[in-house]
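Please read it alongside the sequence and the model shown below.

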Amino acid sequence: MPELPEVEITVRLLDQALLGERIESAVAPGINALKSFDPPLSMLAGQRIATVRRRGKHLVLETDGPAQPLALLIHLMSAGRLQLYDKPASPRDRTSRLLVRMEDGRELRLREFGSKQAAWVKLLPAGELEQEEALATLGPEAWPDPPPLAELLSAARPLHTLLRDQRTIAGIGRSWVDEILWLAKLSPYKRGGDLDELEAELLRSAMVETLGGAIAHYGRTVSLPIPDKLGMPLKIHRHQGEPCPRCSTILQAVHFEDYVIAYCPTCQTEDRVLKDRRLSRLLR
């Protein structure tokens, strides 16, 4: 799933490439993706792009049309990609969910891979954007300047769950929460309410360093056209069974139905290997 770093590099590249461009047309071939009807997508025709920015994992394209400034709110979910192409999509391209064509012939294309079709788009009057539920319920940004975490994460819930809860703090998902907790030397199952002040500050620093480092990596390695798959600079996530980059202990994992938590027993759990849910199900 594209998370904060992946969305951030996407909006930076698109904002640089599209600032001031005039929109010729907008259509939604993937009708399930369009979650709004008023104003209609046709209202984008003739509008100029004022900015492409990020809020949490959401992308926001804002226009400054003479009649009514509009905001296109996009969530890529797990398999969506927002990419800029020099030519229009082929009619046979079954991955297209949204096509925004510029007057210069380029096309901003929301594509989605797989069968779930969960990516979505809403077109809103710009003045109503912040009241939209998807944004209004988000917590503070995880980067570049997250708030102090001791109070924010004070609930009696595991850190791995809290940090992925977009209502608590916005932008982090399964990939980067493993990296952040490893850098902070904290167990994924430590309760947020059990964090002391030092641990909370170390976690905040790890969050800024990890997400900022990933964005810097993408800034050096990614350019338009944005590839379908980004080479994520992960050290822990997806690396279970390999040596820990810090202490060389073999990284372990807890498997759930649709995701995996990776961690280092030595660095994070006081040498304890956590119960793997796959094995637990087999032993019932």
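## Helix packing around H6

The axes of helices H1 and H6 approach within 9 Å and cross at roughly 40°. H1 and H6 are therefore oblique to each other. The crossing of H1 over H6 is right-handed. On the H1 side, the contact is formed by Leu 4, Pro 5, Glu 6, Glu 8, Ile 9 and Arg 12, while H6 contributes Leu 211, Ala 214, Ile 215, Tyr 218 and Gly 219. By class, the residues of this contact comprise seven nonpolar, one polar and three charged. The model discussed here is a predicted one.

H6, which spans residues 197-221, also packs against helix H5 (residues 174-184), and the two axes come within 8 Å and cross at roughly 130°. This angle makes H5 oblique to H6. H5, too, passes H6 in a right-handed crossing. From H5, the residues Trp 176, Glu 179, Ile 180, Leu 181, Leu 183 and Ala 184 take part in the contact, and they meet Leu 202, Leu 203, Ala 206, Met 207, Glu 209, Thr 210, Leu 211, Ala 214 and Tyr 218 of H6. The contact of H5 with H6 consists of twelve nonpolar residues, one polar residue and two charged residues.

## Pockets

Which residues lie nearest the centre of the largest pocket? They are Met 1, Ser 78, Lys 116, Arg 174 and Asp 258, from a lining of 16 residues. The pocket has a volume of about 410 Å³, and its lining is made up of four nonpolar, five polar and seven charged residues.

The second largest pocket has a volume of about 300 Å³. Its lining holds 18 residues, and those closest to the centre are Pro 2, Glu 6, Arg 81, Asp 228 and Leu 230. Helix H1 (4-18) and strand E5 (80-85) each provide at least two of the lining residues. By class, this lining has nine nonpolar, four polar and five charged residues.

## Backbone features in loops

| Peptide bond | Form | Omega |
|---|---|---|
| Asp 38 to Pro 39 | cis | near 5° |
| Leu 224 to Pro 225 | cis | near -5° |

Pro 39 is located in the loop that joins strand E1 (23-27) to strand E2 (49-55). Pro 225 belongs to the loop between H6 and strand E9 (252-255).

A further backbone feature concerns Met 77. What is the phi of Met 77? The value is near 55°, which is positive in a residue other than glycine. Met 77 sits in the loop between strand E4 (70-75) and E5, and E5 is one of the elements that supply residues to the lining of the second largest pocket.

Definitions and conventions: Residues numbered from 1 in each chain as written. Predicted model: local features only at pLDDT ≥ 70, side-chain atom pairs only at ≥ 80, totals over all residues. Heavy atoms only, no water. Axes fitted to C-alpha atoms, helices over the stretch in contact; angles between N-to-C directions. Helix = DSSP H or I, 4+ residues; strand = E, 2+ residues; numbered from the N terminus. Parallel < 35°, antiparallel > 145°, perpendicular 65-115°, else oblique. Left-handed = near helix turned anticlockwise from the far one by under 90°. Contact = heavy atoms within 4.5 Å. Nonpolar A, V, L, I, M, F, W, Y, C, P; charged D, E, K, R; others polar. 1 Å grid on protein atoms, 1.4 Å probe; cavity = no way out; pocket = protein on both sides within 12 Å on 5 of 7 lines; lining within 4 Å. Points joined across faces, edges and corners; volume = space filled by probe spheres on them.
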